[in-house]
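Please keep the structure at hand while reading.

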Amino acid sequence: MTFFSRRILNRKPKSVAAERDTIFKRLDPSSTEAAERVEQTRLMMASCAVCPRECGAARLEGEIGTCRSDADLRVASWHLHHGEEPYISGSQGSGTIFLTGCSLRCQYCQNHSISQNSGGQVMNTQELSSLMLDLQDSGAHNINFVSPTHHAPQLLDAILTARRDGLAIPIVWNTSGYERVELLRLLDGVVDIYLADMRYGEDRNGRALSKVRDYWTVNRKAIKEMHRQVGDLALDAHGIAERGLAIRHLVLPSDLSRSRTIFEFLATEVSPATMVNVMSQYYPAYAASDDPRLNRRVTRDEFTDAVNAARNAGLTRLDVQGMI
Ligand code: SF4
């Protein structure tokens, strides 16, 4: 087999879309409920409980939370991204918008210049809405918010504004997977595609490596809620995602990610047809060299073991990146 290949091991590509068991209804962006949700999420920033840290920062008064954010929405960059999963980037690219800050503190963060600072361009609702519409006009298949969690209140407002102004393409919530169910419920009918990390199959490693006490406990509930809202990933006739849940799992050295536990959870408690991108591209970045366990790449054997664990768990839609 090819080294560093990328293959989608998708045993039933067409049947999944046909087997949709939920009818997706978008929230009417002009409805009273939409306005109420915007206000509800905004108020979550008063003593902040937007993400599961619930650190209580008074963001509406300018206090900066653990995620390094106050009430201003800060955008690090945006472009038509051709390097996401094929079902996200398609042929024309994904309209990707990178937000600054993050609620996690991953020791090996490969995006640390964006995630661990509070820089970026401040945008108001109308400016972000216009940016989304510009990306749509440029041919983007979707709008892809990277690290959106801590900015959920501002993003919800901007998405609904853009919908009122003609945004038709799907919204991708490209998240660390560390999300409150209470917050996710307010995104029901707004987010079309959840592209969610599952980083650790136990809380202990999340505590040690991402500085949150309960990653696995929170992540499992969040993934179930995402799946309840949007179902399995549904693709159009060109193989581009229309709606649904897709998982990213970065295999860490020495099985620090506890891959098998994650795959068994997905197969038994979410759906065996969950699209799972098993990623081999870990490299020591940021502060990874402080921990000898993290200070190397994943071996081919480790990665093969993880892919086999996914297959053995019964997952039928694996997007495998490299090394086998
Ligand atoms: S989103 Fe930021 S400010 Fe709010 S609870 Fe999480 S870390 Fe704290």
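Two residues are taken to be in contact if their C-beta atoms, placed from the backbone, lie within 7 Å. On that basis, residues 24 or more positions apart account for 71% of the contacts in the protein chain with a separation of 6 or more. The model is a predicted one.

**Overall fold**
- The protein chain holds 11 helices and 11 strands, and buried residues make up 50% of its 324 residues.
- The C-alpha trace of the protein chain spans about 50 × 45 × 35 Å along its principal axes.
- The radius of gyration of the protein chain is 19 Å, which agrees with the value near 20 Å that a compact globule of 324 residues would have.

**Ligand surroundings**
- The ligand is surrounded by 15 residues, and the closest are Cys48, Cys51, Cys55, Gly65 and Cys67.
- Sorted by class, the shell around the ligand consists of 7 nonpolar, 5 polar and 3 charged residues.

**Strand pairing around strand 2**
- Strand 2 (residues 73-81) runs antiparallel to strand 4 (residues 121-123), to which 3 bridges join it, and in this pairing leucine 73 stands opposite methionine 123.
- Strand 2 also runs antiparallel to strand 3 (residues 94-99), with 6 bridges between them, and here leucine 80 stands opposite glycine 95.

**Helix 8 and its packing**
- Within helix 8 (residues 203-210), the residues Gly206, Leu209 and Ser210 are buried.
- Viewed down the axis of helix 8, these buried residues fall within an arc of 90°, and therefore they line one face of the helix.
- The partner against which the buried residues of helix 8 pack is helix 9 (215-230).
- Lysine 211, which follows helix 8, has a positive phi, near 60°.

**Leucine 27 in its loop**
- Leucine 27 is found in the loop between helix 1 (13-18) and helix 2 (32-43).
- Leucine 27 counts as partly exposed because it has 19 C-beta neighbours inside 10 Å, whereas a residue is called buried if 20 or more other C-beta atoms lie within that distance.
- Once its neighbours within four places in sequence are left aside, leucine 27 is in contact with Glu33, Ala34, Gly189 and Val190.
- Valine 191 lies 164 residues from leucine 27 along the chain, yet the C-alpha atoms of the two are separated by 9.5 Å.

How values were computed: Residues are numbered from 1 along each chain as its sequence is written. This is a predicted model: local features need pLDDT of at least 70, side-chain atom pairs count only at pLDDT 80 or more; totals for chains, interfaces and linings use all residues. A residue is near a molecule or strand if its C-beta atom, placed from the backbone, lies within 6 Å of it. Ala, Val, Leu, Ile, Met, Phe, Trp, Tyr, Cys and Pro count as nonpolar, Asp, Glu, Lys and Arg as charged, and the others, Gly among them, as polar. Two strands pair if DSSP finds at least two bridges between them. Helices (H or I, at least four residues) and strands (E, at least two) are DSSP runs, numbered from the N terminus. The radius of gyration is taken over C-alpha atoms; the globule rule is 2.2 Å times the number of residues to the power 0.38. A residue is buried if 20 or more other C-beta atoms lie within 10 Å of its own, exposed if 12 or fewer, and partly exposed in between; C-beta atoms are placed from the backbone. The arc is that of the directions from the helix axis to the C-beta atoms.
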